Amino acid sequence: MSASFRPQFSRRDLLRAAGATLAVPAFLKSAFAAPAASTPPPLVLLMQTNGTHQASFWPTASTWDATTGAWDSVILNKLLTDPALGPKTILIKGINYQAIDAPHGNQHDQGFHGLYSGFDTIAGPGGSFGGGISLDQRLVREASFSSAKLKSIHCGVHAVNYNAINAGRLSFSATGPAQQVPCELDLYALYDRVFGSAGGGQDAERAQKRLAQRRSVLDAVAGDLTALEKRLGPNEREKVDIHLTALRDFETRLSARTGTGPVLAGCTGVKPSMTGVPTGGQGNEANAETLERLFMEFIANTTACKMVGVLSFQFGRGGDHFHYDWLSIPGMPSDAHDFVAHLDSGDANIARINIEIKKWYTNVVSDLAGRLAAFPQGDGKNALDTSLVVWGNEQATGPHDQKNIPVALLGGAAGRLKRTGYLVDAGPQPHQCLGATLLNIMGIAATGFGGMPSCGLIGGLDLDLSA
Amino acid sequence: MEPRISRFNSFSVTEPVPHLHILNGRSMIPRSSLLVAIGIVCAGCTGKIGENPIAPGTPTNSGDPGPPGAGGMDAGVAACGYAATRRVRRLSQREYFNVVSDLLGPDAVVQAAGMLPPEPNIAGFDNQDIALRVSSAFQEGIANVAEKLSLAVDAAKLAPCDTASASAACLQTFAEAFARKAYGRRPTADEVERLLTAAATGDTYATSVQLIVETVLQSPYMLYATELGPDAPASWTTVALTPHEIASRLSLLLTGARPDDALLQAADDDQLSLRDDLTNAVTRLLATPRASQQMSLLVKGWADLGSVADAPKNPTVFPEFTVEVAAAMQEELDAFIDAKVNSGQGTFVSLLTDTSTHIPAALAPIYGAELTIQGGVPQLDPLRRRGILSLPGWLTYHAADQHSGPVERGLLVRRQLFCAPVPPPPPQVVEMISQRPVDPNDKAKTTRQKYEEHKTQKFCASCHDQFDPIGFGLEEMDGIGRYRTTENGLPVDSSGALVSTDVDGPFTGVAQLSQKVAESAMFETCFVWQFFRFAESRVPEPSEQCLVDAFTAAFARSGGHFRDLLLDYVARPQFGVRKEDR
């Protein structure tokens with residue numbers, strides 16, 4: 001890294017830093033990414049909910065290394081003992097949820113919105129919402145995704161509460177305070193969008209024309225909004241300001257969706273392995289297991305084909321209430337959330353059930369990683385080597401504990417993770433350090449993340465940010 | 001000929017507000033005093049009450065003579081502290097799609113189903129300003145709706161044009177007419193120009209028509225109801241709204257949509273400034289199917305009712321709650337509300353005191369032996385079942401997924417029917433519940449016995465004593481509204497009590513609770529307060545309590561008829577004005 005390097009701060013970082021008393025330590029500066037010289041690796045952000053069973057998640061040895069010993073995590077066993085996946089995995093211990101001020105809602109809300117945004121939750125209509133832009137949306141604005149067809153997709157499988165209480169938990173992706181980006185559920189529509197018209201030629205031309213028309217429509221709407229705003233008092237003007245911001249954000253995302261990056265051979269017309277699975281339905285989780293598997297396949301396809309810059313996925317809504325009927329766990333109570341996650345604080349039977357549930361998530365994530373590892377990418381690398389999957393959780397434990405949030409990194413991030421296959425345990429670190437680290441891996445020099453402008457990067461990671 | 005808007009003050013609220021009055025022999029207690037008393041009691045619940053929605057009015061009179069031609073109107077409004085300034089409110093999704101249906105037909109609404117993100121009801125109502133912001137998710141959804149529906153437009157049918165050479169003129173004519181219907185007023189020249197600019201990117205007439213539709217469907221003038229008045233600073237403290245804004249206020253209240261052709265024409269002709277004009281408009285609109293739906297929404301919002309089928313029920317505990325039974329519950333509930341509201345001719349008390357008569361056959365397993373047939377007509381015992389609270393649809397919706405939910409039911413009655421604020425549980429409750437969960441699978445106790453734990457914990461009892469006893473009094477009805485005398489082999493105790501109300505005292509069962517509530521003056525004021533929320537899309541300001549009191553008094557004098565409440569509301573001076581805030 002050049003000695004004359006100056007970190008690139010976002011305007012938000014600078015504004016926040018201006019109010020902070022902490023200067024960025026010199027030793028941290030040298031750790032930040034150089035201005036993005038090459039395309040960042042495809043990034044996948046996974047959000048699991050309701051924490052984990054701590055004692056069964058972390059390997060016993062605090063300095064475990066894939067080259068020197070066997071993983072002994074009960075929950076992660078399938079992932080870590082896989083010879084293709086274990087050595088590509090990094091576990092990060094010690095990440096604690098760190099409130100900036102007084103976040104709204106409870107720990108479900110705070111972790112769900114906070115882990116990948118770094119901001120405190122704020123009150124919104126019908127629940128708690130993210131207090132600022134989330135990582136995926138920030139990357140849409142700042143990362144160099146020139147070779148991806150789409151800059152971002154936020155998707156998931158979720159069961160909706162019947163009367164929309166906790167509306168904020170429907171999606172953790174946000175373009176700003178309480179500016180929720182919808183979680184896309186329609187797997188088949190996503191396939192159409194990503195792989196449907198990837199051939200270029202006339203389709204691309206038509207897409208560009210349509211984009212121009214939509215922009216002209218949005219310009220007219222913005223003109224109406226601006227005219228209306230001039231007639232309002234300060235309180236009402238704020239509503240229109242929010243509307244205008246949402247409009248401009250949408251225009252940005254619209255443009256991002258119709259990117260014209262190169263499409264790899266074999267990456268057109270890709271289809272899901274199963275069709276006709278219903279993707280909607282309030283409170284309907286009958287298809288959840290099948291859909292989550294299909295989504296892993298979709299994520300693997302898009303990532304291996306480098307179609308999307310950052311793809312975020314949520315396993316259900318924040319604080320999900322899945323009953324996991326498909327697991328047929330003996331003794332499973334009727335309400336998985338309340339009776340398993342919340343009560344997992346010593347009862348052996350509850351722990352047994354909870355562990356079975358968490359092991360299923362490991363299977364699903366291993367499925368994704370295995371699919372990526374099976375995609376060759378040239379130079380002896382596979383799609384797991386050239387991408388990065390972050391597997392996070394809204395909480396540390398079911399009973400709402402927020403210390404030691406389970407986080408795993410899978411993949412080599414195209415060389416930006418110089419070494420993989422080990423456990424990082426650098427002591428307690430605010431969760432904002434994870435976001436700052438990911439920003440740097442994605443080529444954005446940042447000293448902090450969200451509401452914490454100077455938290456620095458995760459200690460103990462072996463990074464090569466110039467790769 | 002009657003004078004114009006200035007004559008509104010013939011209904012002036014400056015006349016003494018009868019704080020003491022009698023309706024159906026109920027107590028003569030000032031409403032606002034009663035509601036404040038509840039707030040005080042509940043404040044003791046935790047010692048930290050968030051927001052008391054009801055506060056005593058503080059009548060003021062600015063002495064401002066009012067706008068030209070307004071006579072004494074301004075004094076009347078100011079005296080009662082009408083608080084609305086320049087306002088814009090986003091239409092709810094329901095209202096928006098009503099307008100879409102009027103513009104493009106009902107099939108368009110079907111095409112757009114599920115494309116917008118879910119939005120919360122605020123205490124029963126979907127039209128509350130505070131919840132209706134344009135988030136990124138909403139913006140994306142509405143843009144996609146506009147795109148999808150516009151691409152499906154058949155320009156030849158929606159905007160027929162005789163000659164290709166006249167397409168520019170046709171486009172302008174179409175843009176003006178389409179926007180007028182969508183905005184509830186004629187678009188300005190600038191607005192039309194913006195529409196035509198967007199249309200210019202289309203390479204055919206049909207595409208240009210579609211682009212105009214796409215733009216209008218997401219224009220703020222389609223999305224928002226405005227109450228701004230003329231576009232110029234006023235020198236008075238109140239400003240008359242434009243006739244078209246009054247028309248939209250009327251139509252959104254009574255039909256949940258933009259004005260129909262007749263109302264738009266009346267606004268164009270400035271024929272909405274007389275009391276008789278408005279009375280006639282209300283009478284006409286109340287006879288429409290949309291008005292019936294709207295009145296039903298008012299009642300359902302007041303009772304905080306959504307779709308019965310959406311109520312989560314554990315199929316193992318309640319295998320009888322089938323799709324057919326849920327639909328039958330909904331049918332009975334809808335029919336009951338429609339009959340009691342009766343296009344505005346009904347009374348709100350009948351909602352609590354009448355017994356259901358429209359009972360679908362599929363409810364036989366729910367009513368069981370309660371149901372008798374007399375003269376071929378199904379009958380229920382009014383001593384056990386009376387009022388909306390006794391309907392299986394209400395009892396099912398307001399219950400837990402595995403049991404009767406006495407806490408939920410008690411809270412609902414306290415919050416919605418008595419307008420008594422109850423603070424959310426403090427954070428440590430999560431931990432307490434984790435440590436001492438109520439186990440629905442525990443068959444050794446009744447539901448009531450499980451929740452009576454609250455009484456033994458002083459920390460819990462301080463709040464739960466306000467509403468648990470109400471829910472306990474409904475324990476005779478299980479989680480899907482079936483009458484029962486035992487639960488888990490143990491006798492059910494349905495003795496309940498109302499506290500901190502004007503009808504305090506013990507009761508047993510839902511019929512007795514309904515009768516007590518119906519006799520409550522607090523309930524009456526609360527109903528009008530909820531109506532104000534529905535009509536204004538916001539909680540009344542403290543300074544507007546006098547308005548709520550005035551509505552309540554007039555409502556009581558009318559015998560509690562919905563129609564009279566509506567007429568009184570639109571005929572009062574505040575309906576056609578706003579406060580100047582520049």
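Biologist: How many of the 582 residues of chain B count as buried?

Modeller: Of those 582 residues, 52% count as buried. Keep in mind that this is a predicted model.

Biologist: What makes B:Ser219 buried or exposed?

Modeller: The cut-off for buried is 20 or more other C-beta atoms within 10 Å. B:Ser219 has 25 within 10 Å, so B:Ser219 is buried.

Biologist: Where does B:Ser219 lie?

Modeller: In a loop of chain B, between helix H9 (205–216) and helix H10 (220–223). Its C-alpha atom is separated by 9.8 Å from that of B:Leu195, 24 residues apart along the chain.

Biologist: Which residues is B:Ser219 in contact with, leaving aside its neighbours within four places in sequence?

Modeller: A:Val221 and A:Asp224. A contact needs C-beta atoms within 7 Å, so both pairs meet that cut-off.

Biologist: How many residues does each chain bring to the contact between A and B?

Modeller: Chain A brings 48 residues and chain B brings 51 residues. On the chain A side, helix H8 (201–229) and helix H9 (234–257) are the elements that give two or more residues. H8(A) gives the most, with twelve residues.

Biologist: What is that side of chain A made of, by class?

Modeller: There are 24 nonpolar, 18 polar and six charged residues on the side that touches chain B.

Biologist: What makes a set of residues a nonpolar core?

Modeller: The members are buried nonpolar residues such as Ile and Phe, joined through C-beta atoms within 7 Å. The largest such core here has 164 residues. B:Ile212 and B:Phe551 have the most contacts inside that core. Helix H26 (residues 521–536) of chain B supplies the largest share, eleven residues.

Biologist: Which residues is B:Ile212 in contact with, beyond its neighbours within four places in sequence?

Modeller: Among them are B:Phe174, B:Phe178 and B:Leu195. There is also a second, separate core of 104 residues, which includes A:Ile92 and A:Phe339.

Biologist: How do you know that strands S8 and S9 of chain B pair?

Modeller: Pairing takes at least two bridges. Four bridges join S8(B) (residues 495–498) to S9(B) (residues 505–508), so the two strands pair. They run antiparallel.

Biologist: What do S8(B) and S9(B) form, and how many residues lie between them?

Modeller: They form a hairpin, with six residues between them. In the turn, B:Ser500 has a positive phi of about 60°.

Biologist: How many helices and strands does chain B come to?

Modeller: Chain B has 28 helices and ten strands.

Methods. Residues numbered from 1 in each chain as written. Chains lettered and ligands numbered in written order. Predicted model: local features only at pLDDT ≥ 70, side-chain atom pairs only at ≥ 80, totals over all residues. Contact = placed C-beta atoms within 7 Å. Nonpolar A, V, L, I, M, F, W, Y, C, P; charged D, E, K, R; others polar. Buried ≥ 20, exposed ≤ 12 C-beta atoms within 10 Å, placed from the backbone.
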